[in-house]
Amino acid sequence: MPDGSYERPQQRQFNPYSENGGTILAIAGADFSVIAGDTRQSEGYSIQTRYAPKVFRLTERAVLAVNGFAADGNMFVKKVKQRLEWYRHAHAKDMPLRAIARLIQTMLYAQRFFPYYVYNILGGIEEDGTPSHVSHTALVRAHARAHAHARALTHSASALGTGAVYSFDPVGSYEREACRAAGAAQSLVQPFLDNQIYFKNQTPAPGTNHPTHLPLPDVLSIVIDSFTSATERHIEVGDGLEIYVVLAKGRSTQELASIGGLQELSTRAEGDRMFVIRRDLKKD
Amino acid sequence: MFRNTYDSDNVVFSPQGRLHQVEYASEAVKQGSAVVGLRSKTHSILLALKRSLGELAAYQQKMHRIDDHVGIAIAGLTSDARVLSNFMRQQAMGSRMQFNRPIPVNRLVSSIADKAQVNTQEYGRRPYGVGFLVIGQDKNGPHLYEFSPSGNSYEYYAMSIGARSQSAKTYLEKHYESFVDCTLEDLIRHGLHALRETLQQDKELTINNTTIGIVGPVGAHENQLLAEGSFRILEGEPIQVYLNTMQPKRAPEEPVVPAQTDNVGEEEGPTHGATADEDVQMGE
């Protein structure tokens with residue numbers, strides 16, 4: 001035993017995984033997607049670094065956030081990017097978002113017996129002309145009303161350039177959703193999102209309905225509030241916040257005009273646009 | 001004289017110290033339609049003449065992107081070209097993964113040269129039947145390389161390979177000293193003139209049979225904001241503006257006499273006639 005006595009047999013073993021903390025979050029809008037993650041990387045009670053990105057741009061319109069074991073997360077992103085490059089060589093265009101989601105599943109399941117210890121969230125803009133099928137929870141909400149706003153949901157055959165979020169478990173089980181939080185503060189953030197995005201446990205004022213999709217400034221406020229609150233109560237969350245905003249082609253960028261410290265990542269003004277917003281979070 | 005006795009195996013030298021199988025492989029390159037490459041202080045470009053099997057067929061793809069900073073144009077057996085360009089892509093991606101930097105162009109060209117050399121020395125393997133012109137950019141500026149089935153690779157200021165390429169080389173030799181300070185548009189104009197020299201009497205360069213590959217900063221006629229001058233391929237409507245800058249064709253000069261003795265000959269003889277442009281199925 002550590003004190004030198006001999007109470008029981010001991011074994012040492014190499015543990016291939018470790019937990020690096022942090023939290024990620026993605027929300028899909030009607031014609032945009034928001035994917036965010038804090039930048040703190042920790043192990044136990046120590047901070048390894050205050051700035052280690054967890055959210056990565058894959059294509060003009062796809063963003064991947066990875067959380068769990070950082071070494072696996074970083075390597076997984078590199079391998080996904082390589083597969084996307086092969087796709088580009090073969091087809092001279094970017095891989096559609098739903099295909100990237102399926103690719104991530106097959107890549108994760110291929111390691112079923114020595115998994116990537118990573119919770120992935122893929123967000124971005126789906127290609128034109130796709131029916132936007134969403135998860136059951138959102139469906140129930142949609143059927144609860146008959147409104148013009150419902151056009152953007154399940155019944156429309158061509159939901160041009162819709163925002164989409166796909167979430168994965170470490171061995172590749174995945175689902176498309178309207179929003180998802182993962183990581184250390186998942187249990188703090190996801191219930192908040194269920195209430196604010198899906199309007200769970202909330203009844204609308206008589207004669208009105210909950211909006212189908214929230215506008216971008218509201219979504220950004222929800223994201224920032226999620227992270228500042230998580231930072232308050234969870235030791236592994238803090239230091240910095242990176243928010244990736246992907247806008248569908250043709251959507252106005254007016255709502256982002258007032259935001260300071262915005263960085264554009266897109267290369268063409270006529271295509272889908274991508275921006276990064278960086279903010280500080282408390283360092284304690 | 002005794003060519004037939006020494007040309008069955010690639011591992012047998014002729015009494016003159018030649019490897020006839022390797023030389024025959026170079027013939028396959030000469031059967032392919034012409035490709036021209038040239039460079040300035042800022043850009044490297046490739047121009048290729050696409051051949052089609054007939055009115056109903058599409059034109060053969062002559063250019064491939066290898067990485068953001070490297071592109072190739074091919075002449076010869078397209079199936080061999082596909083295999084080698086896939087290998088180059090693997091090398092480029094692997095180098096990026098391992099060393100976190102784009103592969104130096106000379107290293108990439110050496111890797112396929114070494115691979116091709118193996119096929120000239122191992123018993124039972126046939127040499128690759130395709131030649132490349134490779135353009136790329138690294139910290140030393142723009143580059144142009146020729147790769148041949150013999151496994152030789154060499155850097156050039158300007159070069160041409162394929163059918164009737166000698167005519168293009170003559171043009172390039174006359175003008176190459178002015179290339180260094182050319183603008184992108186002037187460089188393309190020179191390249192188009194060189195490529196035009198390889199055409200048969202009644203043919204002309206059109207947006208359908210011409211491909212242009214460019215590496216270097218974005219030109220005046222390009223409206224895409226690319227990442228720092230990545231390799232791009234221009235085909236169809238976008239190249240009309242460059243074709244318009246060509247000087248009208250002068251009276252045809254004397255046909256170039258094929259120099260090598262053992263060649264089938266770059267000029268088609270009177271017996272071939274119209275069939276010379278219809279290639280063997282494998283070739284292009």
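Predicted model: local features only at pLDDT ≥ 70, side-chain atom pairs only at ≥ 80, totals over all residues.
In chain A, six strands are arranged as an open sheet, and their order across it is β10-β1-β2-β11-β13-β12. The pairing within this sheet is antiparallel.

Helix α4 (residues 186-196) of chain A lies across β1 and β10 of chain A, and runs at about 170 degrees to β10(A). Helix α5 (residues 216-233) of chain A also packs on the sheet, where it touches β1, β2 (32-38), β11 (240-247) and β13 (273-280) of chain A. The direction of helix α5 of chain A makes about 15 degrees with that of β2(A).

The contact between the chains was examined next. Ten residues of chain A are in contact with eleven residues of chain B. The size of an interface is often given as the accessible area lost when the parts come together. For chain A and chain B, about 1,000 Å² is buried between them, and 61% of this area lies on carbon and sulfur atoms. Of the area that chain A buries against chain B, 53% is supplied by Gln82(A), Trp86(A) and His89(A), more than by any other three residues.

Polar interactions also link the two chains. Four residue pairs are in polar contact between chain A and chain B, with both residues of each pair at pLDDT 80 or more. On the side of chain A that touches chain B, three residues are nonpolar, three are polar and four are charged. One salt bridge is counted between chain A and chain B. In this salt bridge the side chains of Glu85(A) and Arg65(B) meet, at 3.1 Å from N to O. Over all chains, the count of salt bridges comes to 29. The pair that crosses between chains extends from Glu85(A), in helix α1 (residues 70-91) of chain A, to Arg65(B), in strand β3 (residues 63-67) of chain B.

Notes
Residues numbered from 1 in each chain as written. Chains lettered and ligands numbered in written order. Heavy atoms only, no water. Pairing = 2+ DSSP bridges. Helix = DSSP H or I, 4+ residues; strand = E, 2+ residues; numbered from the N terminus. Contact = heavy atoms within 4.5 Å. Axes fitted to C-alpha atoms, helices over the stretch in contact; angles between N-to-C directions. Buried area = accessible area lost by both parts, 1.4 Å probe. Salt bridge = Lys/Arg side-chain N within 4 Å of Asp/Glu carboxyl O. Polar contact = N/O pair within 3.5 Å; in protein donor to acceptor, adjacent residues only side chain to side chain. Nonpolar A, V, L, I, M, F, W, Y, C, P; charged D, E, K, R; others polar.
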